Amino acid sequence: MFICKIFIEFMVYSFIGWIYECTYCTVKEGHWSNRGFLFGPICPIYGTGTVLTILIFEYLPMFRNVPYDQIPMWKIFLVCSIGSFFLEYGTSYLLEKRFHAVWWDYNDMPLNLNGRVCVPATLGFGVAGIFVTRFVLPLSMKFRNTMNPYAAEIIALLLMAYLAADLVLTVSSLYHLLSMVENAMSEFDVRMEEVFQAAVERLDFRQKYQLKNIKIFRYKKPVFRGGKMLNTEKLYELFRGLQDRIRASK
């Protein structure tokens, strides 16, 4: 029964985390932003972090039988900061390895590690951990202790079925998307190979000489051809590709 109650808490805190993520990103971006790895309104990383916090502060020997309000705040901060660091980094790494995709990126934040974690976010989770541990988890414990075990089992089974269905749909959709992207990239590579080869064959020796010696292509203003604005980033990539071909053909 304990597992059922903990699982319910995992789902509740995952939902609260989803609300927080959506609210924060909506305010930051100025429009509605539905966040999360899954289709449904849950962010499992928040539920996982909260459940781990419960297990640490309620069952580790150094914290066992110590009321939440008597645990020193610096210990809570330290545990939550370090825990969030490893949880966030590990989750990001596994998701990227499995699906070749990134759901959050801290590269624009100071003191980041591979864009997966950063000091400001880690410190923020440490402060949030103090609030959750001091004020939220005591209420959660009371609810867990008074909840009917049979009701908890039924609710947990329903939530588990929902989570399993969401996981299946999400993973299936991601694999289908990856397959489409990989096929598109393969076709793009073949077409670009043909474009580069045809372009190289049309260049005379003076144009090849210039391409080898130009360091970089820069476009300060929009480029128009035939009344249409060209994509300067694509032009830059095309010129760089031609340069690589010319230099490799020495």
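Let's start in a loop: Leu111 sits between α3 and β1 (112-113). Helices (H or I, at least four residues) and strands (E, at least two) are DSSP runs, numbered from the N terminus. This is a predicted model, where local features need pLDDT of at least 70, side-chain atom pairs count only at pLDDT 80 or more, and totals for chains, interfaces and linings use all residues. Residues are numbered from 1 along each chain as its sequence is written, and side-chain values use heavy atoms, with hydrogens and water left out.

- Most residues other than glycine have a negative phi.
- Leu111 isn't a glycine, yet its phi is positive, at about 55 degrees.
- Leu111 is exposed, with a relative accessible area of 64%; exposed means over 50%, buried under 20%, and partly exposed in between (1.4 Å probe, protein chains only).
- Asn65 is not a glycine either, and has a positive phi of about 65 degrees.
- You'll find Asn65 in the loop between α2 and α3, and it is exposed, at 76% relative accessible area.

**The whole protein**

- The protein has seven helices and four strands.
- Read from the N terminus, its elements go α-α-α-β-β-α-α-α-β-β-α.
- Of the 250 residues, 29% are buried.
- The protein exposes about 16,900 Å², and carbon and sulfur atoms supply 66% of that; the area comes from the Shrake-Rupley method with a 1.4 Å probe, and for residues only the protein chains shown count as cover.
- Take the contacts (heavy atoms within 4.5 Å) with a separation of 6 or more: 67% of them are between residues 24 or more positions apart.

**α1 against α2**

- Helix α1 (residues 2-29) packs on helix α2 (residues 44-59) at an angle of about 130 degrees, and their axes are 6 Å apart.
- Axes here are lines fitted to C-alpha atoms, for helices over the stretch in contact, and angles run from 0 to 180 degrees between N-to-C directions.
- α1 and α2 are therefore oblique to each other: under 35 degrees counts as roughly parallel, over 145 as roughly antiparallel, 65 to 115 as roughly perpendicular, and the rest as oblique.
- By type, the contact of α1 with α2 has eleven nonpolar, five polar and two charged residues; Ala, Val, Leu, Ile, Met, Phe, Trp, Tyr, Cys and Pro count as nonpolar, Asp, Glu, Lys and Arg as charged, and the others, Gly among them, as polar.

**α2 against α3**

- α2 and helix α3 (residues 73-99) pack at about 140 degrees, with axes 11 Å apart.
- That makes α2 oblique to α3, and their crossing is right-handed.
- Ile45, Thr48, Gly49, Ile56 and Phe57 of α2 meet Ile76, Val79, Leu87, Glu88 and Thr91 of α3.
- The contact of α2 with α3 splits into six nonpolar, three polar and one charged residue.

**α3 against α4**

- The axes of α3 and helix α4 (residues 119-146) come within 7 Å and cross at roughly 125 degrees.
- So α3 is oblique to α4, in a right-handed crossing.
- Among the contact residues are Met73, Cys80 and Phe85 of α3 and Leu123, Val127 and Arg134 of α4.
- The contact of α3 with α4 counts nine nonpolar, six polar and two charged residues.

Technical notes:
A crossing is left-handed if the near helix is turned anticlockwise from the far one by less than a right angle, and right-handed if clockwise.
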